[in-house]
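Me: I should like to work through a protein model step by step. Please show the sequence and structure, and then answer my questions in turn.

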Amino acid sequence: MATITEVPADAYNKVRLLAIAWNVTDGEAVARLVEHFAKASGPTKPSAEGSDDDVAIYAIYEATRVEAVYNRKTKSVTITSGKLRDKTYSSPSGAAVAVVAAYNPTVNPNRNGWSFWTRAENGEILQTIR
């Protein structure tokens, strides 16, 4: 595997800061950033415009943004980022409980998914399309 040996000090310091915040190695921090931006610019980015049934949603929990897609027809939520990436839940609340349990297992994970998730297109809670 190739390594980058010349990185400007200010860029390295920013990567190092993220690595410390995320409790990962410097390389893992870079990989996480690259994955995030590759997904954001790629054709698989969740979008409410891609299908009439799909709505791009997200939640910010424990300082982590978790992206997902809510399907109006099936009422299911598929998480598209983070620890639970590619997992599908039969309801917004089921997905919300899974996120809380994954990111903070010491608390009771019960959540109302309709208010936990936010619509990416306009910042409104998912409840507004129920």
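Reply: The questions and answers below concern this predicted model.

Me: In which order do helices and strands follow one another along the protein chain?

Reply: The protein chain has 4 helices and 5 strands. Read along the sequence, these elements follow the pattern α-α-β-β-β-β-α-α-β.

Me: What percentage of the residues of the protein chain count as buried?

Reply: A residue is buried when its relative accessible area is under 20%. The protein chain has 130 residues, and the share that counts as buried is 31%.

Me: How far apart are the end C-alpha atoms of helix α1, and what span should the helix have?

Reply: Helix α1 covers residues 9-22, which makes 14 residues. The expected span is 1.5 Å times one less than the number of residues, so helix α1 should span 20 Å. The end C-alpha atoms agree with this, being apart by 20 Å.

Me: Which residue just after α1 takes a positive phi?

Reply: The angle in question is about 60 degrees, and it belongs to a residue placed just after α1. That residue is N23.

Me: Which residue forms a salt bridge with D26, and how many residues apart in sequence are the parts that the pair ties together?

Reply: The side chain of D26 meets that of R16 in a salt bridge, at 2.5 Å from N to O. D26 lies in helix α2 (residues 26-41) and R16 in helix α1, so the pair ties together parts whose separation in sequence is 10 residues.

Me: Is E67 buried or exposed?

Reply: E67 has its place in strand β2, residues 64-71. Its relative accessibility is 18%, and the cut-off for buried is under 20%. Therefore E67 counts as buried.

Me: Which residue forms a salt bridge with E67?

Reply: Side chains of opposite charge can pair when their charged atoms come close. Here the closest N and O atoms are 3.4 Å apart.

Note on methods:
Residues are numbered from 1 along each chain as its sequence is written. This is a predicted model: local features need pLDDT of at least 70, side-chain atom pairs count only at pLDDT 80 or more; totals for chains, interfaces and linings use all residues. Side-chain values use heavy atoms; hydrogens and water are left out. Helices (H or I, at least four residues) and strands (E, at least two) are DSSP runs, numbered from the N terminus. Buried means under 20% relative accessible area, exposed over 50%, partly exposed in between (1.4 Å probe, protein chains only). A salt bridge is a side-chain nitrogen of Lys or Arg within 4 Å of a carboxyl oxygen of Asp or Glu.
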